[in-house]
Amino acid sequence: MDLVADQLLSRLSTDHTSILEAVRIRAPFRQRVARVPGLGARRQAFNADRLLNRLYDYPRYLARHASTFDCFHICDHSYAHVVHRLPGARTGVFCHDLDTFRSILEPQREPRPRWFREMARHILSGMQRAAVVFHSTSAVRAQIERAGLIDSARLVQARYGISASFQADSIELSATVRALLERLNGSPFLLHVGSCIPRKRVDVLLEVFAGVRGLRPELKLLQIGGEWSAAQRALIDRHRLQRAVVQVPRLSQEEIAQLYQRAALVLMPSEAEGFGLPVIEALACGAIVVASDIPVFREVGGPAVVFCPLADIQDWVTEVHALLGNAKNAPERADRLSWAGQYSWDVHARVIASAYGRLGA
C-alpha cells in the first residue's frame, strides 16, 4: 500500500503541519541470503531476505526511534508486528483488509503451515496493541468486528482518495499507451486493473471475456498490473484467446488513466476486496464499471457502478454484451463523475491527522 502511504505523507506534510509534523521512517533493506553465491538470482532468496527484514530488522530499527516521536503510524497492517517494539498507546495501524490473517481466521479456506500461522498471530497481536486502527470501508470494519479482533471504540474509518492523475479530461497519449492501442488494432477493449491473485477472480474475467467475444469477435481484453497464473494461461489456451488478450505488468497512473478513458468497459469481478481503488479511479476518468455485487463494491461504487452477481458467468456475459451494445444502459457519465468526486486524499489525511491529534492531547 505504498500509494496510500505516499498520499498520506504528502498531505500531512503540506496541509496539516499545525497538528503534527510527519516524518517517514523506513528501515534500509539488508541482503543476506541473496548474497550467498548461487542463490542471489533466485526468487526464494529474495523472499527469505524480505522475511528477515520484515520480522527481525524492521522492529529492531524502529525500537531505536521509540522515544524520538510522539506518535507512530503503521501504513500497512502486515507490518503491525512492529507495534510490539513501539509504545502501543501512541501507535496507529491502517488495516486495509484481513488477508494477512486469513490463515488463522479461516484456516479451511486458506490452509498454511504452522510457522506461517504463528507469524500471522504475531502480526495480529501487534495490531491489537495499537491505540487506533484505521480502515477504509465499513465493510472491513464489519469484518474486524465480526471476528472480534479490535474494540469498536478504537476503529476509525479513513476512506481512500483519488490521485489527480485520474481525470475525465482527455490526456495526451504516452508512447507506451499509443503502442498498446496499436497492438489492439483499434478494437474496442475491456480493461481490468489489478493483480491476478485468486480473490480477484481473473478466472471469471477470462470466462466472461470468452463468452462476450463469441458474440463480438472484434473485442479485446487488456489486463494491467498482473501476471497470469498457470491456471489462467490454461484458460486462455482453452478458449483460444492468445491473440485477443494483452497483459502489461506495470504502467504509470497517468497511463492507466489514459486507458480508463478509452476502455469500452472496466471489469472488476473480485470476490473480496478491502476497498477496490480501480473502481473509483475508473469512475473519475468517466469509465463504465461493471463489478461483482459484493458489499465493499456496493459501498465504494454505489449507484455509479453496474453490478453483477459474483461469479455468475452468464449474467456477466449478458450484462457486458448489453452495455457494449448500448452504453445508455449504464449510469449517466455525470453521475459517475459526481460519485467519484466525493473521494479525496485530503479528507483521508485530515481524518488520520485528527485521530493522532486526539491521541496526543
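Tutor: A residue counts as buried when its relative accessible area is under 20%. Over 50% it is exposed, and in between it is partly exposed. Keep that in mind for this predicted model.

Student: Is Asp57 buried or exposed?

Tutor: Asp57 has a relative accessible area of 9%, so it is buried.

Student: How do I read a salt bridge?

Tutor: Look for a side-chain nitrogen of Lys or Arg within 4 Å of a carboxyl oxygen of Asp or Glu. By this rule the structure has 20 salt bridges.

Student: Which residue forms a salt bridge with Asp57?

Tutor: Arg32 does, with the closest N and O atoms 2.8 Å apart. Asp57 lies in helix H2, and Arg32 in the loop between H1 and H2, so the pair ties together parts that are 25 residues apart in sequence. Arg32 has a relative accessible area of 26%, so it is partly exposed.

Student: What does Asp346 meet in a salt bridge?

Tutor: The side chain of Arg11, at 3.1 Å from N to O. This pair links distant parts of the chain, with Asp346 in helix H14 and Arg11 in helix H1, 335 residues apart. Asp346 is partly exposed, at 34% relative accessible area.

Student: Which side chain does Arg109 meet in a salt bridge?

Tutor: That of Glu271, at 3.8 Å from N to O. Again the pair links distant parts: Glu271 sits in the loop between S8 and H10, Arg109 in the loop between helix H3 (102–105) and helix H4 (114–129), 162 residues apart. Glu271 is partly exposed at 29%, and Arg109 is partly exposed at 44%. Both belong to a network of salt bridges that also includes Asp97, Arg102 and Lys200.

Student: On to rings. How many aromatic pairs does the structure hold?

Tutor: It holds 11. Take Phe69 and Phe72: their ring centres are 5.9 Å apart and their planes stand at 80°, so the pair is edge-to-face. The cut-off for that label is over 60 degrees. Phe69 is partly exposed, with 23% relative accessible area, whereas Phe72 is buried, with 6%.

Student: How far apart are the ring centres of Phe275 and Tyr343?

Tutor: Their centres are 5.9 Å apart, and the planes are at 90°, so this pair is edge-to-face. Phe275 is in the loop between strand S8 (265–268) and helix H10 (277–284), and Tyr343 is in the loop between helix H13 (333–340) and helix H14 (345–360), so the pair ties together parts 68 residues apart in sequence. Phe275 is buried at 3%, and Tyr343 is buried at 6%. Phe275 and Tyr343 are part of one aromatic cluster, with Phe94, Phe134, Tyr160, Trp345 and Tyr356.

Student: What sits over the ring of Tyr343?

Tutor: The charged end of Arg159, 4.4 Å from the ring centre. Another case is Arg54, which lies over the face of Tyr79 at 4.1 Å from the ring centre.

Student: Arg54 touches other residues too. Which residue is in contact with Arg54, Leu55 and Pro59?

Tutor: His81, leaving aside its neighbours within four places in sequence. Its contacts also include His122, Ile123 and Gly126. His81 is in the loop between strand S1 (72–74) and strand S2 (91–94). At 1% relative accessibility, His81 counts as buried.

Student: Where is Ile19 found?

Tutor: In the loop between helix H1 (2–15) and H2. Ile19 is partly exposed, at 44%. Sequence and space tell separate stories here. Ile19 and Gly357 are 338 residues apart in sequence, but 6.3 Å apart in space, C-alpha to C-alpha. Not counting residues up to four places away, Ile19 touches Ala353 and Gly357.

Student: How many residues of H10 are buried?

Tutor: 8 of the 8, so H10 is largely enclosed by the rest of the structure. Among them are Leu277, Val279, Glu281 and Ala284. H10 is followed by Gly286, whose phi is positive, near 85°.

Student: Last, the surface. Which residues make a nonpolar surface patch?

Tutor: Leu51, Leu55 and Trp115 make one of about 280 Å². Leu51 is in helix H2 (residues 43–63). With 33% relative accessibility, Leu51 counts as partly exposed.

Key
Residues numbered from 1 in each chain as written. Predicted model: local features only at pLDDT ≥ 70, side-chain atom pairs only at ≥ 80, totals over all residues. Heavy atoms only, no water. Phe/Tyr/Trp six-rings, centres within 6.5 Å; stacked < 30°, edge-to-face > 60°. Buried < 20%, exposed > 50% of the residue type's maximum accessible area, 1.4 Å probe, protein only. Helix = DSSP H or I, 4+ residues; strand = E, 2+ residues; numbered from the N terminus. Lys NZ or Arg CZ within 6 Å of the ring centre and 35° of its normal. Patch = residues over 30% accessible without salt bridge, like charges linked within 9 Å, V, L, I, M, F, W, Y side chains within 5 Å. Areas by Shrake-Rupley, 256 points an atom, 1.4 Å probe, with all protein chains shown as cover. Contact = heavy atoms within 4.5 Å.
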